[in-house]
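Colleague: Could you walk me through how to read a few features of a model? I'd like the general idea and then the case at hand.

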Amino acid sequence: MLRMGTWRLVLAWLVVANHTPGLKEISTNLEIGKVAVATFFFISGFLMPLTYDSHYRGYGAAVGARKFYANRFLRIFPIYWLSLGLTLLAVFAYGPMLMEHATSPGELHQVRTYASNLLLLGLNQTHLWHGDFRFNPPAWTLDVELQYYLLVPLIILMTNFSGRLGAAVLAMFGSIGLYLCFRPVGVLDVDRSLIEWSFFFFLGYGFYFSPALQKVALRKALLGVLCLALILIACVSRHQNVAILTVTLACIVVSSYLLVLQQNRAFGSWDRLLGDLSYPTYITHWLCIQLIFRWLGNTLDFPPKSKFFVLLAINVVGSTLVAYASMRIVGDPIEAFRRRIRDGRRPTVAPE
């Protein structure tokens, strides 16, 4: 049976497929990478308040927020910095042509390029950095994630004190985000920020705080019908954005069911391992794809469709193996610090 950890890894593999050369030559215009990223944001919208309530709220607002931020830092940055270091080594070995997505190769000689990529938070703010260069292009989503992480303790505090007003504020910003998903302004500072993607984060956040919706999410027959209806709308729609949104909502429906299961049951170590692999697979896959295509792209003499699936299989296996090695070398030692932060001395009586 599909579990949350396995599903998260499948979503990471969808992003790998989206970046595998040859996809657009054999498929429709549906952006499966965008679908996977938006679904990840929904999952994060649910899991972050769950994590905060489960492990940090008992420390009080100030200490709990500090511990939450430290834990999120250790979750995101060490493996990201590893991927950044490996990418820089590849650039020095193969030259800037490996970075063909660069707006200007000259940016490789700018201090601001390295500073923005190292800091990560604010990476998408092109007007601040006077440039738009990411050594690891998928890292733009981490900047958006970090913006949400910063707000989680504040949003929880706001909704606890203001109740319906706080929910109305989140709904308003979520509506703006949904509109911008259909009508992006064409400015990366906005299009790649929490403002545009807030709908998916706040949808997950609202789902976490709604026992009624969680109860509905366990009705598999109803969810199955809803998923089929959404996919049918995507198939008949002539508008790409509508198709992307409806497929994303179908993936969110699947995610909602799995999230409630994960919250109610203790899953095994195997599913936890697969879930832990999703982030390093996502953040290391770009470099793996570039190197694999450089090494093998010209040697695979197959029709376009067959070549794509062969490359996809190699990319999935290669990215997952690199992710596993990254997790064992960097992630596992860091995990001990994360547990120490999360499970440190708690107050004898948790505040109400």
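Modeller: Let's begin with Val111, which sits in helix H5, residues 111-119. Keep in mind throughout that this is a predicted model.

Colleague: Is Val111 buried or exposed?

Modeller: Relative accessible area is the number to look at, and exposed means over 50%. Val111 has 69%, so it is exposed.

Colleague: Now backbone angles. Which residue has a positive phi although it is not a glycine?

Modeller: That is Leu120, with a phi of about 70°. Leu120 is in the loop between H5 and helix H6 (126-129). Its relative accessible area is 0%, so Leu120 is buried.

Colleague: On to helices. How do I judge the length of H3?

Modeller: Compare the end-to-end reach with the span expected at 1.5 Å a residue. H3, residues 32-55, has 24 residues and reaches 34 Å from its first C-alpha to its last, close to the expected 34 Å. Of those 24 residues, 19 are buried, so H3 is largely enclosed by the rest of the structure.

Colleague: And what does the comparison give for H15?

Modeller: Helix H15, residues 304-342, has 39 residues, yet its end C-alpha atoms are only 49 Å apart, short of the 57 Å a straight helix would reach. Look along H15 for a bend: there is a kink of about 45° at Gly331, shortly before the proline Pro333.

Colleague: How should I read helix packing, say for H4 and H7?

Modeller: Take the angle and the axis separation together. H4 (residues 61-94) and H7 (residues 140-162) pack at about 170°, with axes 9 Å apart. Angles over 145 degrees count as roughly antiparallel, and therefore H4 and H7 are roughly antiparallel to each other. Residues making the contact include Phe68, Tyr69 and Arg72 of H4, and Leu146, Tyr149 and Pro153 of H7.

Colleague: At what angle do H4 and H14 cross?

Modeller: At roughly 5°, and their axes come within 9 Å. That makes H4 roughly parallel to H14, which covers residues 269-296. The contact includes Ile79, Ser83 and Leu86 of H4, and Tyr279, Ile283 and Leu287 of H14.

Colleague: Back to H7 for a moment. What does Thr141 touch?

Modeller: Not counting residues up to four places away in sequence, Thr141 touches Val37, Phe41 and Tyr282. Thr141 is found in H7, and with a relative accessible area of 4% it is buried.

Colleague: Last one: how many disulfides are there?

Modeller: A disulfide is a covalent bond between the sulfur atoms of two cysteines. With a cut-off of 2.5 Å between the sulfurs, the count here comes to zero. Cys235 is in no disulfide, and the nearest cysteine sulfur, that of Cys251, is 13 Å away. Cys235 is exposed at 61% relative accessible area, whereas Cys288 is buried at 11%.

Note on methods:
Residues are numbered from 1 along each chain as its sequence is written. This is a predicted model: local features need pLDDT of at least 70, side-chain atom pairs count only at pLDDT 80 or more; totals for chains, interfaces and linings use all residues. Side-chain values use heavy atoms; hydrogens and water are left out. Helices (H or I, at least four residues) and strands (E, at least two) are DSSP runs, numbered from the N terminus. The expected span of a helix is 1.5 Å times one less than its number of residues. The bend at a residue is the angle between axes fitted to the seven residues ending there and the seven starting there. Buried means under 20% relative accessible area, exposed over 50%, partly exposed in between (1.4 Å probe, protein chains only). Axes are lines fitted to C-alpha atoms, for helices over the stretch in contact, and angles run from 0 to 180 degrees between N-to-C directions. Angles under 35 degrees count as roughly parallel, over 145 as roughly antiparallel, 65 to 115 as roughly perpendicular and the rest as oblique. Contact means heavy atoms within 4.5 Å.
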